[in-house]
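Good morning, and thank you for joining this meeting. Please look at the sequence and the structure as they come up.

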Amino acid sequence: MKELAGRLTALDPDAGAAVRVIAYFDRLAEGRAGLEALVRGAAVLAGVPARLVDVERRVRVRVEADGTRRESEAATDPAWPSVALTPGGVAALWLERAGQAEPSVVDAVILERAAGVIRVVLDRTRGRAPADDPALVETVLDASAPEAARLHAARGLGLDPAAPARVLAPLDGRPVVVPAYPDAVPPVGRVGVGPAVPVLELPRSWAEARVALRFSAEGTAQDPGPGVVHADELGGIALLADLVVPGAEPPPDVQALEAASAAAPWLLGTLHAVASTVSLRAAAAEINVHHSTLQERLAHAEHLLGWPLRTPQGRFRLGLALAMRHLARG
């Protein structure tokens with residue numbers, strides 16, 4: 001093979017390089033190399049970082065061109081040369097080479113040969129990630145369960161005990177545990193997203209996800225706001241969850257909001273836009289009304305609520321009132 005590569009190089013450099021790539025990955029396959037070694041080979045041969053992401057089997061490996069493993073939170077670029085692990089599947093192996101419309105012959109061979117061997121390794125060592133088992137999920141989220149039991153449950157769910165994970169808390173349905181690195185598609189409807197934590201701290205992520213869920217909204221005129229709320233974006237406002245108990249008598253400002261919204265159906269959507277945008281003009285654009293119309297609405301809302309809405313203090317009070325309204329509902 002080495003002699004053939006040398007002869008082909010004299011005739012066509014790309015063809016010679018392609019033969020050397022094939023021989024390289026054949027040797028790795030014969031030596032039963034692991035995933036990191038295969039991704040490292042792709043990165044070193046291509047001279048750019050290589051990234052493997054198999055969401056279904058919860059695998060992520062990224063290696064720099066110098067052979068150093070280094071993960072990145074940056075999203076993959078559709079323009080990078082890539083290949084799926086199965087015919088018709090989604091891209092799973094990338095060469096982080098920007099500014100290239102089509103992969104070179106050598107890049108294409110690197111991707112195809114590396115993907116072929118990676119597929120064999122994954123099928124041999126990982127199989128398919130199991131469906132989420134309710135009993136395993138319950139164990140991994142139970143802070144009172146022994147650490148050994150929680151680690152065993154995490155492995156049963158396909159989680160890497162050495163990698164961070166997070167919990168999704170949907171309004172309807174059981175919790176979902178996912179690795180922190182994939183851009184997991186959240187369940188439909190209101191969802192709270194817990195912070196990324198080590199596997200043994202997943203009970204905390206679950207608790208914070210449930211708090212975040214309480215701040216979510218349906219996104220309708222009578223319940224405006226985001227449907228998906230991340231716990232680690234709430235900051236100190238999360239402390240309100242301990243003060244406002246669902247089912248109890250709502251705080252006075254929440255009662256004022258409810259009474260005002262009954263008199264003016266447009267009120268909640270308008271006030272949410274005011275509280276969640278950087279300026280009144282941005283709020284007007286958000287709800288698609290003229291700036292003067294928004295001013296008229298705010299004057300009417302101030303009359304109904306009994307406090308100013310166009311001052312920094314008034315907008316802060318409004319934001320708290322809207323958040324407490326979500327919490328009072330549950």
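Is Glu71 buried, partly exposed or exposed? In this predicted model, Glu71 counts as partly exposed, at 36% relative accessibility. Its salt-bridge partner is Arg69, with 3.1 Å between the closest N and O atoms. Arg69 is likewise assigned to the partly exposed class, and its relative accessibility is 38%. This pair also belongs to a network, in which salt bridges that share partners join Glu36, Arg40, Arg60, Arg69 and Glu71.

Let us turn to a second pair. Arg62 and Glu64 meet through their side chains in a salt bridge, at 2.9 Å from N to O. Arg62 counts as buried, at 7% relative accessibility. Glu64 is buried as well, with a relative accessible area of 17%. The cut-off for this class is under 20% relative accessible area.

How many salt bridges are there in total? The count comes to 16.

One further example is the salt bridge between Arg113 and Asp26, where the closest N and O atoms are 2.3 Å apart. Arg113 lies in helix H4, residues 105–125, and Asp26 lies in helix H2, residues 13–30, so this pair ties together parts that are 87 residues apart in sequence. As for accessibility, Arg113 is partly exposed, with a relative accessible area of 30%. Asp26 is partly exposed too, and its relative accessible area is 26%.

Thank you for your attention.

How values were computed: Residues are numbered from 1 along each chain as its sequence is written. This is a predicted model: local features need pLDDT of at least 70, side-chain atom pairs count only at pLDDT 80 or more; totals for chains, interfaces and linings use all residues. Side-chain values use heavy atoms; hydrogens and water are left out. A salt bridge is a side-chain nitrogen of Lys or Arg within 4 Å of a carboxyl oxygen of Asp or Glu. Helices (H or I, at least four residues) and strands (E, at least two) are DSSP runs, numbered from the N terminus. Buried means under 20% relative accessible area, exposed over 50%, partly exposed in between (1.4 Å probe, protein chains only).
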